[in-house]
Amino acid sequence: MVKRFACAAACVLAASTMAYAGSVDTYGIGARATALGGAYAATADDPFAAYYNPAGLSQIEGKVFSVGALAVDPTIEMSQFTVTNRSDMSENLIEPTDFSDDSDLLVAPHLGYAQKISERFALGVAAYAPWGMELDWEKDPTKNPGSYSAYHSYYKRYGVTPSLSYKVNDKLSFGVGVTIGKSEAGADTSKYLISNTTEFVGKLIDNADTISKKMGTGPINNVAGAAVVYANAAAADPEKYGEAAAYSAKLSAAGIVDGSEFGNLPSPDHQAAIGMELEDDVNYSYNIGVMYKPKETITLGLTYRSECDADFEGDVFKDGVKVATATMDYNHPQQIQAGVRYQPHDKFSIECDLVWTDWSINKDQVSKLSNPIDIGVFPGADPIQSGMEEAYERDWEDTKQLRFGMEYIINDMITVRGGYFYDPTPIPDNTLDMQWPDADKKTYSLGAGFNFGRYTIDAVFQYTDIEQARVVGGESTNLNESFAGNVVSASADGYIVGGGVTLTARF
């Protein structure tokens, strides 16, 4: 049985394309828990207790095997995406544009096995994807100007969690599980590299004019004059002025006098596709749970999921050609989930859970490159080299989710379920971007279980709605920096439709 499960788990992980729109978090593992809105810490009586509360494994009788999948289809609508010249707020560099995501149907399989091994001990093992996000957008910036921030991004983890529970008595149980996981992350962007030629050349001339006055010569008012001044200065201090002299001479040779001939001029690498593909082969985390039943009608559940240290490594590409390798330290956050289940009689139960997530560990997202990347910034000029880091400020905030679930047994064959949870975004306005276009969300779920003796089929339908359109009007530093510091405004709205099924067999 262990060998068969290990083989099946490997297949599930290989097939998993775990992905959800918005911030990385699970929308559900197992159709029953998903139908209950994830309010499952005080229920957790199937193999997926390995995630929700390993103490719940003590409730299992005999041997239980479950397999299934959850599929979701995200739709995100961006409206009035506009880029305004920071120097002249009356000028739109990119006119208001509407576009939506191109993400495919996203599937997250799950697999679990559990059994009682003695009067007090039970064990279980589950394969699932506890964290996930992946988004695709139109790559063409003329149709989707947001591609200058990102047109594809993903961040996900999947793993296998062997777990053990210990039943102290009929009221109290403890459990622990260790997750052996693999994580992947990446993003693709179109580089926005449009220089304001007049402004750029003006700075060159102004600096040359200052140098010229210090040298006791006349004022400088064109590139040719700047080239002469820098050439003389370079002769005296080539380390300081040599590069500027060569650049100024090239502009002069190209016939550029003061930049007004060109206005806003695109770089040779404008719209270049820069991509990064990273993974962390093996990482670890653990789950600890306790379940306590003070009364016959009330069950309390508490679960702690530890932070996971993820050290990513991978490749950087420019227009599909590998140009560097990169590393990134970006951990999966710790969580605490506490739940209360009330069961006034055998046929009906209701549960309320609170989930706290430590998103504030993610202050910055920094990728360190093995070598700089050549980027052209001006026609006729030598390319400059990028820095050795690709950094985004994140400054995320901790969140608290409220989750509710109800279950009613109609008869021996049919059980119906409903759930709801509120998921506030951890992402503040000042760090919002196209890699993480998240917003406050409300998720509703309906489900049913069909019992056929030893076999049960659980099904769920889930709908997630953005509570209200997310609006930015220049607050996002990350978006603005993607457009050379110009001002980005936009509105985002959307929803996610999902469904899933789980087959369970008992022996």
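## Close-up views of a predicted model

View 1. Asp433 and Arg394 pair in a salt bridge, with their closest N and O atoms 2.9 Å apart. Asp433 sits in the loop between strand S20 (414-423) and strand S21 (441-452), while Arg394 sits in the loop between strand S18 (389-393) and strand S19 (399-409), so the pair ties together parts that are 39 residues apart in sequence. Both partners, Asp433 and Arg394, are buried. As in every view here, the positions shown are those of a predicted model.

View 2. The side chains of Arg417 and Asp458 form a salt bridge, with an N to O distance of 3.0 Å. This pair links distant parts of the chain, since Arg417 belongs to strand S20 and Asp458 to strand S22 (residues 455-466), 41 residues apart. Arg417 has a relative accessibility of 10% and therefore counts as buried, and Asp458, with a relative accessibility of 7%, counts as buried as well. The two residues take part in a network of salt bridges that links Arg32, Asp45, Glu407, Arg417 and Asp458. Side chains of opposite charge can pair when their charged atoms come close.

**View 3. A salt bridge between a loop and strand S11.** A search of the whole structure finds 20 salt bridges, and the one shown here joins the side chains of Asp269 and Lys318, at 3.0 Å from N to O. Asp269 lies in the loop between S8 and S9 whereas Lys318 lies in strand S11, so the pair ties together parts that are 49 residues apart in sequence. Asp269 and Lys318 are both buried.

**View 4. Two loop residues with positive phi.** Gln271 has a phi near 75 degrees, a positive value in a residue other than glycine, and its place is the loop between strand S8 (264-266) and S9. With a relative accessible area of 38%, Gln271 is partly exposed. Asp319 also has a positive phi, near 50 degrees, and it too is a residue other than glycine; Asp319 is found in the loop between S11 and strand S12 (321-329). The relative accessible area of Asp319 is 48%, which makes this residue partly exposed.

View 5. Twelve side chains are not all named here, but the patch, of about 1,000 Å², includes Ile117, Phe121, Leu123, Val178, Tyr284 and Ile288. Strand S4 (121-136), strand S5 (152-167), strand S6 (172-190) and S9 each supply at least two residues of this nonpolar patch, and the largest share, four residues, comes from S9. Val178, one of the patch residues, has its place in strand S6 and, at 38% relative accessibility, counts as partly exposed.

**View 6. A patch of negative charge.** On the surface, Glu307, Asp309, Asp311, Glu313 and Asp329 gather in a patch of negative charge. Among them, Glu313 is found in strand S11 (residues 311-318) and counts as exposed, at 53% relative accessibility. For the protein as a whole, the mean positions of the 38 positive and 68 negative charges are 11 Å apart.

View 7. Pro294 lies in strand S9 (residues 273-295) and is partly exposed, with a relative accessible area of 29%. Apart from its neighbours within four places in sequence, Pro294 is in contact with Lys171 and Leu300. Thr299, placed in strand S10 (residues 298-305), is buried, with a relative accessible area of 9%. Residues up to four places away in sequence not being counted, Thr299 touches Ala42, Met291, Tyr292, Lys293, Gly339, Val340 and Arg341.

**View 8. The whole protein, for orientation.** The secondary structure comes to seven helices and 24 strands, and the C-alpha atoms fill a box of roughly 95 × 40 × 35 Å, taken along the principal axes. Of the 507 residues in the protein, 51% are buried. The accessible surface comes to about 21,700 Å², and 57% of that surface belongs to carbon and sulfur atoms. Among contacts between residues at least 6 apart in sequence, 71% join residues at least 24 apart.

Note on methods. Residues numbered from 1 in each chain as written. Predicted model: local features only at pLDDT ≥ 70, side-chain atom pairs only at ≥ 80, totals over all residues. Heavy atoms only, no water. Buried < 20%, exposed > 50% of the residue type's maximum accessible area, 1.4 Å probe, protein only. Contact = heavy atoms within 4.5 Å. Patch = residues over 30% accessible without salt bridge, like charges linked within 9 Å, V, L, I, M, F, W, Y side chains within 5 Å. Areas by Shrake-Rupley, 256 points an atom, 1.4 Å probe, with all protein chains shown as cover. Salt bridge = Lys/Arg side-chain N within 4 Å of Asp/Glu carboxyl O. Lys, Arg positive; Asp, Glu negative; His and termini not counted. Charge placed at Lys NZ, Arg CZ, Asp CG, Glu CD.
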